[in-house]
Amino acid sequence: MKNVPRPYTLVAELTHRCPLSCLHCSNPRALVPKWREISTDDWLRVLDEAEALGVVQVHFSGGEPLLRLDLEALVARARALSLYVNLVTSGIPLERARLEKLVRAGLDHVQLSLQSAHHARTSTPSFPKRRRSTRRVSERRSTAPGSRAP
Ligand code: SF4
């Protein structure tokens, strides 16, 4: 193990579920159904083990990671381990109250996916919702002086 390079990043694909059906998506949404997803306790263990291996940042992704109701708990554990915490999201389910909870739990950064502003590229008219989410993240950032928040 001495010459094995340490990992710096954990990309945690929390779920394959997603409210969208983007044409370009390579996410196998039916591969792992909700009832077979990795449990909260197992993800908490994975975070502990990742930090012990040398990981310094975690990217919570999917599918749509906001569909995991335990996301705040996972963010909080990552923060407690001093990991830099990024959320990779379409922004569709990102309501203001949820964003506040995630920031309070320790979220550092939000990566909003905006692959296309044109509705024809997705199966739902998602762009207005994504734009609202972008505004929420932007407003949250501007009201948090000195914060590491998004
Ligand atoms: S938002 Fe992402 S995961 Fe969901 S369908 Fe689109 S590309 Fe796939």
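Me: In this predicted model, how many residues of the shell around the ligand are nonpolar, polar and charged?
Reply: The shell around the ligand includes Cys 18, Leu 20, Cys 22 and Cys 25, and Cys and Leu count as nonpolar. Glu 64 is also one of the surrounding residues, and Glu counts as charged. By class, the shell has four nonpolar, six polar and one charged residues.

Me: Which residues surround the ligand?
Reply: A residue belongs to this shell if its C-beta atom, placed from the backbone, lies within 6 Å of the molecule. The residues that surround the ligand are Cys 18, Leu 20, Ser 21, Cys 22, Cys 25, Asn 27, Gly 62, Gly 63, Glu 64, Ser 90 and Ser 113.

Me: Which peptide bond is cis, and what is its omega?
Reply: Most peptide bonds are trans. Gly 63, in the loop between S2 and H2, takes part in a cis bond. Its partner is Gly 62, and omega is about 20°.

Me: What is the phi of Ser 82?
Reply: Most residues other than glycine have a negative phi. Ser 82 lies in the loop between H2 and S3. Although Ser 82 is not a glycine, its phi is positive, at about 65°.

Me: Which strands stand at the edges of the sheet, and why is one side of each left without a neighbour?
Reply: The sheet is open, and its four strands pair in parallel in the order S1-S2-S3-S4. Each edge strand has a single partner strand, so one side is left without a neighbour in the sheet. From one strand to the next, the twist averages 20°. The edge strands are S1 (9-13) and S4 (109-112).

Me: What is the bridge partner of Gln 57 in S3?
Reply: Strand S2 covers residues 57-61 and strand S3 covers residues 84-89. The two run parallel and are joined by four bridges. In S3, the partner of Gln 57 is Tyr 84.

Me: Which residues of H1 and H2 meet?
Reply: H1 passes H2 in a right-handed crossing. By class, the contact of H1 with H2 has six nonpolar, one polar and one charged residues. H1 brings Thr 40, Trp 43, Leu 44 and Leu 47, and H2 brings Ala 73, Leu 74, Arg 77 and Ala 78.

Me: How many residues in the contact of H2 with H3 are charged?
Reply: The axes of helix H2 (residues 71-80) and helix H3 (residues 96-105) come within 8 Å and cross at roughly 25°. The contact is made by Leu 71, Glu 72, Val 75, Ala 76 and Arg 79 of H2 and by Lys 101, Leu 102 and Ala 105 of H3. Five of these residues are nonpolar, none is polar, and the charged ones number three.

Terms used: Residues numbered from 1 in each chain as written. Predicted model: local features only at pLDDT ≥ 70, side-chain atom pairs only at ≥ 80, totals over all residues. Pairing = 2+ DSSP bridges. Axes fitted to C-alpha atoms, helices over the stretch in contact; angles between N-to-C directions. Contact = placed C-beta atoms within 7 Å. Left-handed = near helix turned anticlockwise from the far one by under 90°.
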